[in-house]
Amino acid sequence: MTGRTRDNYNENYLNYVKTQDPPTQHFKNCLSAFGVGGLICCIGQFIRYMFEYAGLSGDELAGATSIVLIFLGCFLTGLGVYDRIGRYAGAGSIVPITGFANSVTSPAIEFKTEGWIYGMAAKMFTVAGAIIVFGVFSGVLVGLVYLFL
Amino acid sequence: MKKGNTVFFNNSPCITSFAAVCGSKEKEGVLGKFADITLDDDMYEESTFEKAECKMLSTAISLAIQKGGYLEKDIDVLFSGDLLNQIISASFAARDFNFPFLGLYSACSTMSESLLLGAMLVNAGYVNRVVAATGSHFASAERQYRYPLELGCTRPPQAQWTVTGAGGCVISSEKKGVKIVNGTMGKVCDFGVTDVNNMGAAMAPAVAIIGP
């Protein structure tokens, strides 16, 4: 904290704050993310095998599996369980498709009190909107690359 | 009298009565035993968290007036504010009362600002009794500033929780209760903390560190 100029002062303070923050337990977080994320993937794989056993294949098989997982993500969000899993698992429950379902369902529940149209419907994508925009955008980019290759 | 940014009150305005309403998490804390009313249900029998916040604030104000043995007509003005856009909770809570309302927004220091301004008004002799109050709700603040409640994201270990609660006190020219001797008007200190989860680091410079 010896800086004289404004910028320097802020920088010193932010560095000081960083030293005071309780450390994030990266190893423990990675481990629980790996465990829970892996478990979700195993459940997905199990569902996939079941559908395969029932006679689905190709795109239909992938679609049906995703639908079941998305339903489970939404359902657990509605029950108020998914945010608890998320608190424990971190990236493990955000990265799979169930995390995406959670990011759409949770604002929908949250903003329902502001009405069905201006609340729920309008604000449903406040969290997932960015993912959709950049997802579509990168899809277009990759598509263009394929076109010119 | 003013010295630096601190004003001294010669006529010693006093806090003659006070009341607090808090949520269940706050009840478990060290200040829990001082609350007059604890909510078992964070919705406070209302349909939204914002309405609950408003009802808590309204309850705290009327309880503070009641505990001091005052009537609504004894109060000259209400200073109040909260954390939501357009300070809606305070404005809607003020509908329940038949005295003038002066709305404040000062984030976490709304209570101290309302006490300071109320004491100034009473000390100057313009009014006899002022109610200073504020309230906030974890769920409504979380929705406005951060993420939806059900979103499965992790909280960093240094994250703070917004209080679910409301408090109000009556500042009076009568000589009883807790005397307000002086008050310091704060400057805005921005040290560039941008982490929404680390409010403590953002606010600490205003209290503890003298700027460049």
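User: In which sense do strand β2 and β10 of chain B pair, and over how many bridges?
Analyst: This is a predicted model. In it, β2(B), residues 6–8, and β10(B) pair in the antiparallel sense over 3 bridges. V7(B) stands opposite G183(B), which lies in β10(B).

User: Which strands form that sheet, and in what order?
Analyst: The sheet is open and has 3 strands, in the order β1-β2-β10 of chain B, with antiparallel pairing.

User: Why is one side of β1 and of β10 in chain B left without a neighbour in the sheet?
Analyst: β1(B) (2–3) and β10(B) (182–184) stand at the edges and have a single partner strand each, so one side of each has no neighbour there.

User: Turning to the largest nonpolar core, which residues touch the most other members?
Analyst: The core has 43 residues, and those touching the most other members are L57(B), A60(B), I61(B), A64(B), V131(B) and I171(B). The greatest contribution to this core, 10 residues, comes from α2(B).

User: What is L57(B) in contact with, beyond its neighbours within four places in sequence?
Analyst: Its contacts include S80(B), D82(B), A93(B), A133(B) and A166(B).

User: Now the two chains: how many residues of each are in contact?
Analyst: 29 residues of chain A are in contact with 21 residues of chain B. On the chain A side, α6(A) supplies the largest share, 7 residues.

User: How do the residues on that side of chain A divide by type?
Analyst: They comprise 11 nonpolar, 12 polar and 6 charged residues.

Notes:
Residues are numbered from 1 along each chain as its sequence is written. Chains are lettered from A and ligands numbered from 1 in the order in which they are written. This is a predicted model: local features need pLDDT of at least 70, side-chain atom pairs count only at pLDDT 80 or more; totals for chains, interfaces and linings use all residues. Two residues are in contact if their C-beta atoms, placed from the backbone, lie within 7 Å. Helices (H or I, at least four residues) and strands (E, at least two) are DSSP runs, numbered from the N terminus. Ala, Val, Leu, Ile, Met, Phe, Trp, Tyr, Cys and Pro count as nonpolar, Asp, Glu, Lys and Arg as charged, and the others, Gly among them, as polar. Two strands pair if DSSP finds at least two bridges between them. A nonpolar core is a set of buried Ala, Val, Leu, Ile, Met, Phe, Trp, Tyr and Cys residues joined through C-beta atoms within 7 Å. A residue is buried if 20 or more other C-beta atoms lie within 10 Å of its own, exposed if 12 or fewer, and partly exposed in between; C-beta atoms are placed from the backbone.
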